[in-house]
Amino acid sequence: MWRLRVPAIILATGLAISPSLYAQTAPDIALPAGDATRGKAIFEGTKGNCRSCHRVAGVGSLFGPDLSAIGSPPRGGGGGRGGAAPAPAGAVAPAPAATPAPVPPVPGGRGAQAAQGANPATGPTPQQFAQSILDPNAVVTPQNRYVVLKMKDGKTISGKLLSVDTFAYQIFDSSEKLANISKENIREATMTSPMPSYRDKLTTQELADVISYLTSLKGQ
Amino acid sequence: MRRRLLTLRGALILIVALTVVAVMSIQAQVTFDRILRADREPSNWLTYSGNVLGQRYSLLNQITPGNVKNLELQWIWQSPSLEKYETTSIVVDGILYTVQAPTTTPTADGNTQIVALDAATGRPFWRFTYPIPMTARACCGRVNRGVAILGDTLYMGTLNSHLIAVNAKNGTLLWDTTVIVPPTNATYPITVAPLVVKDKIIIGTAGGDGAIRGFLAAFDAKTGKEVWRFYTIPGPDEPGNDSWSGESWKTGGAGIWTTGSYDAETNLTFWGTGNPNPTGNGPSRLGDNLYSDSVVALDADTGKLKWHYQFTPHDEMDYDSTQVPVLADVEFRGQMRKGLLLANRNGLMYLLDRTTGEFLQGKPYVNVNWMSGFDAKGRPQRVAGRERSSAETAVMPTILGATNWYSPSFSPKTGLFYVSAWENSKSGGGGQRGGANTTPMGGIALAPNTKTDEEGFGVVRALDPRTLDKKWEFKMNDITWAGVLSTAGDVVFSGGREGYFFALDARSGALLWKIPLGGQVNSGPMSYSVNGRQYISVAAGTALFSFALRQ
């Protein structure tokens, strides 16, 4: 049983988060032991629909962080852009999810980054995984921020923030294209994760299962 | 008879020709009077800051808010070095002298070089190579901020603590003086561009993050012989030594790494000093730690201290005061005062009386939380707990400061002071850089930026020296390491870590023009003219760029 209280976490950037901040955001629930096989099924199935935004072992979208090695300690002290490991060479990206959710879920859009590198020796703790899944906007590293750009022509463009300067955003958009968006054409920009909370979508057991699966992902 | 007449005629022609050559030679000499009255020849940029007042202001006015959009690149000079290009070039009568910093890896072209270029085309005339040991470096890079000139001689400090003199005509070494032989436990790298005052070359050394005892020294321009030396940390028999506990004064830092200024009327030269060492270990050096984090006013002939003002007593936040002291006459409370303006790394803008050192006023120009005000003598009143050793407190500005060595600018025409600064940049407990995105020391290549405004951003701010209030600002998304140039055409030039070089309206701050240069702008822009055409020059990445209006 995991009590979701920890004294401190270290993000991929090496930024220390105080216990008080973690206490404000971490869910205070207890988890049963998880089953990685069941978690994999949730992750890949329509319930989690995680691969519509995340990639594992070369399968899934590149929009969100690659989770192929999310259960491993971070490389080089963490802070790497995107996922914890690159997709295997020769991997073929899958077709989009057959039944995409109205708002594409991006597990880890924020929270997964908190999970990445959370423990330099062992990788993320179950508590950090849980926080990432239940409250993905709670903690996010700068390398994995997302923006929603409301354009003056009425369109909305969202994407992973690669960089922002005085005059433009450079993003990896939801159609997996690199785009330079001039600020002249933007009406409003918000930095928020498109990943929804799974608080009301997964049971406590399912959450534990998914965490077990994520913990098992060690890359190659 | 006819033959004698021809001989006389030939002799006269020869005399006239020699006279013309002599006059031209005299004109080519950069006398100190020319440096002192740089305002008489705005086509040249004779010193690091453009004039001895430290103003980085050009009287050239060909480029205006109305036509600056027509600026176009005239030439690029690519340095073979992969170090940050922090040099401000000087220009004398159409010749531009710049410095290639020694690269970080040994290559054929990788040593320090003074390079003479045609200022209109960027074509090289000569280069002088000065080998620097690979072990020689300052804390934060193997950088060099430029040369000085007097007569026909260029002067440059080196990372291995030498001051050298080089013939400006052909790039040959004239003399090489060892400024200091470093002890085994410290280095005294020279990164600063020297300041010429009369017949002396004034220079200081960096290294204040290590166990140095900082100093400023003057050398005879002709011989290289040291004339005077002023230690920025008083010795045992001098006033102020008791501001250091124990033996800490011996290794207390207070380096000099940004060029000072000079006031001919009082014959005082003004220099900002660096942080006390060890920076983050205040208890090892109890006391105010004079004259660290100060501006010192010295008699330029003798090096004697006339006055000092300490901006950050007993600093633990690395608030070097190595910003250019800018001299300008400023109206204060209804009276014109001989002012010294300094936008400090500690986040505060100051107006001092440069004749007496009297504190006139100080005010934050960015968000500041380490102090709450000043006492009657201008000493900052610290906020308890807002210090490096406080584990849970975020301190603003960060240990990297609100600004740094890069130059501000003062326009006598607009009466405004322009400074590049970091806003919202804070250090967490233990002096760690805070915010989710770190703000590293300057680099050369463009780097992704995903900071939010709450985590820090760069800004060019215009301040009114009379009130120290902000008049306008130009906000960037990323932080900046670029200096500022203002011109009589009412245009302000600057850049930043994003790699843009841009022009602003000096009165409103409105963006007038921009160009991406492909590398971080780490230097201060300058301006000169050749054959009546105004140029704006700036370094970015590892290259030097020069712009002029489209013809």
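A residue is called buried here when its relative accessible area is under 20%, exposed when that value is over 50%, and partly exposed in between. With that in hand, let us walk through this model, which is a predicted one.

If you look at the contacts in chain A with a separation of 6 or more, 67% of them come from residues 24 or more positions apart.

Helix H4 of chain A covers residues 126-134, and its axis comes within 10 Å of the axis of H5(A), with a crossing angle of roughly 115°. The crossing of H4(A) past H5(A) is right-handed. On the H4(A) side, the contact is built from Pro126(A), Phe129(A), Ala130(A), Ile133(A) and Leu134(A). H5(A) answers with Leu207(A), Val210(A), Ile211(A), Leu214(A) and Thr215(A). H4(A) is largely enclosed by the rest of the structure, because 8 of its 9 residues are buried. Among those buried residues are Gln127(A), Gln128(A), Gln131(A) and Ser132(A), as well as Phe129(A) and Ile133(A).

Now to the aromatic rings. Across all chains, the count comes to 29 aromatic pairs. Phe43(A) belongs to helix H2 (residues 36-44) of chain A and Tyr213(A) to helix H5 (residues 204-216), so the pair links distant parts of the chain, 170 residues apart. Both Phe43(A) and Tyr213(A) are buried.

Chain B has a tilted pair too. Tyr155(B) and Trp175(B) have ring centres 5.8 Å apart, and the pair counts as tilted because the planes stand at 45°. Tyr155(B) is in strand E8 (residues 153-157) of chain B and Trp175(B) in strand E10 (residues 173-178), so the pair ties together parts that are 20 residues apart in sequence. Tyr155(B) is buried, at a relative accessible area of 2%, and Trp175(B) is buried as well, at 11%. Elsewhere in chain B, ring pairs join Tyr309(B), Phe311(B), Tyr350(B), Phe359(B) and Phe374(B) into a cluster.

Rings in chain B also have charged partners. Over the ring of Phe215(B) sits the charged end of Arg229(B), 4.0 Å from the ring centre. Lys475(B) lies over the face of Phe457(B), and here the distance to the ring centre is 4.7 Å.

Next, the cysteines. How many disulfides does the structure hold over all chains? There is 1, and it joins Cys139(B) to Cys140(B), with the sulfurs 2.1 Å apart. The torsion about this S-S bond is about -95°, so the disulfide of Cys139(B) and Cys140(B) is left-handed. Cys140(B) has 28% relative accessibility and therefore counts as partly exposed.

What about Cys50(A) and Cys53(A)? The closest cysteine sulfur to that of Cys50(A) is in Cys53(A), at 9.0 Å, which is too far for a bond, since a disulfide requires sulfur atoms within 2.5 Å. Cys50(A) is buried, with a relative accessible area of 6%, and Cys53(A) is buried at 1% relative accessibility.

Thr112(B) is placed in strand E5 (residues 112-118) of chain B and counts as buried at 3% relative accessibility. The C-alpha atoms of Thr112(B) and Thr129(B) are separated by 5.8 Å, although the two residues are 17 apart along the chain. Leaving out residues up to four places away in sequence, Thr112(B) touches several others, including Val99(B), Pro102(B), Phe128(B), Thr129(B), Ile132(B) and Met156(B).

Ser248(B), in turn, is found in the loop between strand E14 (226-231) and strand E15 (261-263) of chain B. Beyond its neighbours within four places in sequence, Ser248(B) is in contact with Ser284(B) and Arg285(B).

Conventions
Residues are numbered from 1 along each chain as its sequence is written. Chains are lettered from A and ligands numbered from 1 in the order in which they are written. This is a predicted model: local features need pLDDT of at least 70, side-chain atom pairs count only at pLDDT 80 or more; totals for chains, interfaces and linings use all residues. Side-chain values use heavy atoms; hydrogens and water are left out. Buried means under 20% relative accessible area, exposed over 50%, partly exposed in between (1.4 Å probe, protein chains only). Rings of Phe, Tyr and Trp (its six-membered ring) pair if their centres lie within 6.5 Å; planes under 30 degrees apart count as stacked, over 60 as edge-to-face and the rest as tilted. Helices (H or I, at least four residues) and strands (E, at least two) are DSSP runs, numbered from the N terminus. A charge sits over a ring if NZ of Lys or CZ of Arg is within 6 Å of the ring centre and within 35 degrees of the ring normal. Axes are lines fitted to C-alpha atoms, for helices over the stretch in contact, and angles run from 0 to 180 degrees between N-to-C directions. A crossing is left-handed if the near helix is turned anticlockwise from the far one by less than a right angle, and right-handed if clockwise. Contact means heavy atoms within 4.5 Å.
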